[in-house]
Amino acid sequence: MLSPFSNDFFGSTFQWKSKPLKILHVGDFFFDSKMNSPSQFQTSGKINNGLIRNGHHLIPFPYREVGRRGLGKYFSFCKRQVLDTILTHFVASADPDFLLLSHSAEISPIALKEVKVKYPRLKIAQWCGDALFEGKTVQKLQEKYPYCDATFVSTASSLTKKSLGEEKGIYFLPNPVDLSVEKERNFRKSFLPKDIFLSVGNEEDSREICGEAWKMKEFFAFLSKNLPHKTRFSLAGVGGEKYASGAAYDFLLKQAAIGLNLSRKGNERFYSSDRMSHIVGNGLLCAQERESSFNVFFSEEEMLFFSSKEELLEKLIYFMNHPQERQKVAQRGWQKYATFFNESAIADYLLKATLQILKPNEHSWHLLS
């Protein structure tokens with residue numbers, strides 16, 4: 001079998017050779033009735049697409065919407081009890097082979113224990129795309145961990161294993177790209193309306209960039225002061241621009257040549273928000289801190305890596321002044337990311353790792369975690 005690093009895998013699906021699995025996926029997906037939700041680009045929706053394209057029977061369980069509507073029927077229960085009740089009833093009626101959980105899904109460990117006892121052949125896995133060093137992420141993972149056959153986390157540092165306490169069944173999860181979702185190919189254009197894309201929740205957000213703590217309004221001020229005055233920014237949540245989601249966020253990506261991928265901690269091994277997949281998948285040149293270790297996957301000819309704010313400024317100016325070089329590097333990064341971090345590859349990896357049938361030469365990048 002060819003390595004997933006090979007370009008022969010580009011755009012392919014990973015057809016299941018045996019009987020297709022019936023998979024119940026509890027997540028957010030591409031719809032959320034809450035205003036300003038980023039659901040149109042959710043990792044859970046991309047995983048769904050990959051599972052379907054690989055030939056499986058996928059049943060989405062949109063827990064947020066189920067919880068909101070279920071409260072009307074089970075008005076004497078709290079939201080989590082509603083979800084537990086509906087999920088356990090549905091598992092009994094659908095009899096799935098595989099239960100896949102987003103870490104944020106408000107399913108209790110009591111419910112998971114119940115289905116694990118009643119349906120011992122049912123495989124259960126959880127995945128997480130959030131930073132382990134923020135909020136209640138670790139607590140939610142820890143609750144479900146004893147009842148999961150596998151746990152997938154988009155951080156490959158010692159923090160993952162330290163947080164969960166064991167090494168068994170812990171795997172690195174890259175942020176998948178889906179070329180039916182990330183549709184633009186900005187590397188094909190030598191001229192774009194904007195030079196640099198930068199999106200954050202709000203300008204008071206904190207980031208650790210090149211070992212320094214920054215408020216994003218301060219970091220944007222630094223960029224504005226030190227980049228040429230003619231620099232054109234495509235902004236959300238900073239620089240006087242409001243937070244963007246949905247089509248508005250997509251529009252900002254389409255406008256720009258270079259995307260700044262500034263995660264909460266730039267030096268956390270293999271950690272990135274899913275913004276990386278949005279940037280690379282739409283063909284922007286991705287600016288990524290080198291200490292994140294993504295230079296293990298991607299070369300200097302495939303991403304704009306930097307280790308200091310001075311190096312970042314230097315490279316931004318260079319690529320703004322050399323659009324053809326920017327196009328070449330962005331296209332090579334897009335090609336590689338879409339080759340082995342596409343939605344079908346990630347979906348195949350999730351199943352095979354959980355079922356313990358993943359061969360060393362399949363999705364071999366997981367060995368780096």
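In what order do the five strands of the open sheet stand, and is the pairing parallel or antiparallel?

1. The model is predicted. Its open sheet has five strands in the order S10-S7-S11-S12-S13, and the pairing is parallel. Strand S10 (233–236) and strand S13 (304–306) stand at the edges. Each has a single partner strand, so one side of each is left without a neighbour in the sheet. On average, neighbouring strands of this sheet are turned by 20° against each other, direction ignored.

2. Strand S12 covers residues 285–289 and pairs with S13 in the parallel sense. Three bridges make up this pairing. Glu289 stands opposite Phe306 in S13.

3. **Helices H1 and H12.** Two packed helices are described by the angle between their axes and the distance between the axes. For H1 (residues 43–53) and H12 (residues 343–355), the axes come within 7 Å and cross at roughly 80°. The two helices are therefore roughly perpendicular to each other. H1 contributes Lys46, Ile47, Asn49, Gly50, Leu51 and Arg53 to the contact. H12 contributes Glu343, Ser344, Ala347, Leu350 and Leu351. By type, the contact residues divide into five nonpolar, three polar and three charged.

4. The structure holds 23 aromatic pairs. Take Phe270 and Phe294. Their ring centres are 6.0 Å apart and their planes stand at 55°, so the pair is tilted. This pair links distant parts of the chain, 24 residues apart. Phe270 sits in the loop between S11 and helix H9 (275–281), and Phe294 in the loop between S12 and S13.

5. **Aromatic pairs: an edge-to-face one.** Tyr318 and Phe319 pair edge-to-face, 5.2 Å centre to centre with 80° between the planes. Tyr318 is partly exposed, at a relative accessible area of 37%, whereas Phe319 is buried, at 11%.

6. **Aromatic cluster.** Which residues do ring pairs link into a cluster? They are Phe172, Phe270, Phe294, Phe297, Phe298, Tyr337, Phe340 and Phe341. The tilted pair of Phe270 and Phe294 is thus part of this cluster.

Technical notes. Residues are numbered from 1 along each chain as its sequence is written. This is a predicted model: local features need pLDDT of at least 70, side-chain atom pairs count only at pLDDT 80 or more; totals for chains, interfaces and linings use all residues. Side-chain values use heavy atoms; hydrogens and water are left out. Two strands pair if DSSP finds at least two bridges between them. Helices (H or I, at least four residues) and strands (E, at least two) are DSSP runs, numbered from the N terminus. Axes are lines fitted to C-alpha atoms, for helices over the stretch in contact, and angles run from 0 to 180 degrees between N-to-C directions. Angles under 35 degrees count as roughly parallel, over 145 as roughly antiparallel, 65 to 115 as roughly perpendicular and the rest as oblique. Contact means heavy atoms within 4.5 Å. Ala, Val, Leu, Ile, Met, Phe, Trp, Tyr, Cys and Pro count as nonpolar, Asp, Glu, Lys and Arg as charged, and the others, Gly among them, as polar. Rings of Phe, Tyr and Trp (its six-membered ring) pair if their centres lie within 6.5 Å; planes under 30 degrees apart count as stacked, over 60 as edge-to-face and the rest as tilted. Buried means under 20% relative accessible area, exposed over 50%, partly exposed in between (1.4 Å probe, protein chains only).
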